[in-house]
Amino acid sequence: MKKILVVGASGQIGTELTLALRNKWGIDQVIASDIKTEKPAVLGPGIYQTLDILERDAVRKYIIEEKIEVVYLLAALLSATAEKQPDFAWKLNMESLFTILDLAKEGYLKQVFWPSSIAVFGSTTPRTDTPQYTVMEPTTVYGISKLAGERWCEYYNQHFNTDIRSLRYPGLISYKSPPGGGTTDYAIEIFHEAKRRGTYNCFLSKDTALPMMFMDDAIRATMELMEAPKEHLRIKSSYNLGGITFTPQEMANNLQRHIPGFTIHYAPDFRQSIADSWPKSIDDSYAREDWNWKNTFDLAEIIKIMLQHV
Ligand code: NAD
Ligand code: AKB
């Protein structure tokens with residue numbers, strides 16, 4: 001049985017991915033790791049290792065000594081936080097990737113998952129049904145790091161015969177762990193504020209359409225991609241992954257059906273220009289053709305589930 005390490009396991013995706021991987025491969029096969037010293041309660045039993053991915057030598061030692069064969073690398077600064085600390089965001093997002101890519105190149109890691117994002121696109125990209133191959137001129141430090149990361153993943157796959165797999169996730173909606181400082185976080189905050197206060201101050205304008213996805217779909221996509229036969233995968237960098245598209249106003253209108261009297265106010269801040277540079281919807285036909293990807297949760301279902309659990 002292969003040993004799996006999740007780096008950034010305390011985050012929004014990491015918690016749910018760790019649980020799903022343990023469910024599939026067994027609790028002892030999947031090690032959760034994060035820079036945070038305290039294990040989030042939601043992770044339950046299973047090994048939790050405090051690890052700073054920027055400590056290259058310590059990470060290498062741990063992975064080699066523990067005979068880890070698969071890494072899911074989720075540690076990163078997200079779009080909004082990265083704009084506030086661009087130097088550190090570049091350092092974290094790139095150095096973490098090279099540490100893991102090099103272990104794959106040296107043959108220690110048989111497989112790696114590293115997430116990219118819709119942030120790789122920019123304001124010169126066609127915004128509707130954004131294709132896999134198109135103009136890519138990201139304007140955020142986060143987007144630049146993701147695009148550079150994608151190019152390096154492809155480079156390692158082509159030159160060193162590594163098996164690095166990646167998805168360009170849209171904004172992910174979930175309730176088990178809080179979001180980590182992204183531009184799409186409004187689509188989670190809105191549920192907490194609607195239930196707590198019956199009103200929400202949205203940091204994006206009412207008509208800002210963005211691609212989004214429910215976490216269960218994103219986790220399933222990740223596991224399906226990682227289990228797909230390598231020879232079926234035409235994309236050696238990162239796959240476009242479509243989900244659903246909605247605006248804050250559409251989300252609010254739907255919420256009002258469940259919470260009568262819910263109000264929303266719009267006060268766009270610096271995150272508006274980030275959102276304005278991203279696609280509205282994604283063409284993920286390569287994922288559909290290569291590994292039979294299909295999104296399942298629509299907005300109505302997401303709202304129902306979020307309101308039950310938040
Ligand atoms: P998050 O911020 O919720 O989680 C990141 C985790 O990494 C945190 O638990 C943090 O403590 C940990 N971390 C930070 N620095 C670390 C370090 N030096 N060493 C070890 N761990 C460290 O982020 P997330 O939303 O779970 O995103 C995970 C990945 O998915 C990121 O690469 C992100 O860019 C990508 N992504 C996320 C979304 C989304 O909507 N959540 C969308 C597209 C792409
Ligand atoms: C963010 O908003 O930064 C993330 C992402 C889409 O990459 N959710």
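Ala, Val, Leu, Ile, Met, Phe, Trp, Tyr, Cys and Pro count here as nonpolar, Asp, Glu, Lys and Arg as charged, and the others, Gly among them, as polar. The model is predicted, so to speak of local features a pLDDT of at least 70 is needed, side-chain atom pairs count only at pLDDT 80 or more, and totals for chains, interfaces and linings use all residues. Residues are numbered from 1 along each chain as its sequence is written, chains are lettered from A and ligands numbered from 1 in the order in which they are written, and side-chain values use heavy atoms, with hydrogens and water left out.

**Stop 1: the largest pocket**

Select L74, A75, A76, L78 and G180, which lie nearest the centre of the largest pocket among its 44 lining residues. A pocket is an open set of points on a 1 Å grid over the protein atoms alone, with protein on both sides within 12 Å along at least five of seven lines; lining residues have an atom within 4 Å of a point. Its space comes to about 920 Å³, a volume being the space filled by probe spheres set on the points, which are joined across faces, edges and corners.

The lining divides into 24 nonpolar, 14 polar and six charged residues. Next select α1 (12-25), which gives the most to this lining, with three residues. Helices (H or I, at least four residues) and strands (E, at least two) are DSSP runs, numbered from the N terminus.

Colour domain 1 (4-170) and domain 2 (172-212 + 242-309): both give residues to the lining, so the largest pocket lies between them. The domain bounds come from an automatic or database domain assignment.

**Stop 2: ligand 1**

Select ligand 1 and the 26 residues around it, of which Q12, D34, D52, Y142 and K146 come nearest. A residue counts as near if one of its heavy atoms lies within 4 Å. For polar contacts (pairs of N or O atoms within 3.5 Å), start at D34, where a side-chain N or O atom is 2.6 Å from an oxygen atom of ligand 1. At K146, a polar side-chain atom lies 2.8 Å from an oxygen atom of ligand 1. The protein buries 92% of the 830 Å² that ligand 1 exposes when taken alone; accessible areas come from the Shrake-Rupley method with a 1.4 Å probe.

**Stop 3: ligand 2**

An oxygen atom of ligand 2 is 2.5 Å from a polar side-chain atom of S79. For Y142, the distance from a polar side-chain atom to a ligand 2 oxygen is 2.7 Å. T183 uses its backbone: an N or O atom there lies 2.6 Å from an oxygen of ligand 2. Alone, ligand 2 exposes 250 Å², and the protein buries 93% of that.

**Stop 4: the largest cavity**

Finally, select K2, I4, L21, W25, V70, Y72, Q111, M223, M226 and E227, which line the largest cavity. A cavity is a set of points where a 1.4 Å probe fits but cannot get out. The volume is about 60 Å³. Show α7 (215-227) with α1 and β4 (70-73), each supplying at least two lining residues; α7 gives the most, with three.

Methods: A polar contact is a pair of N or O atoms within 3.5 Å; within protein, one must be able to donate a hydrogen and the other to accept it, and residues adjacent in sequence count only if both atoms are side-chain atoms.
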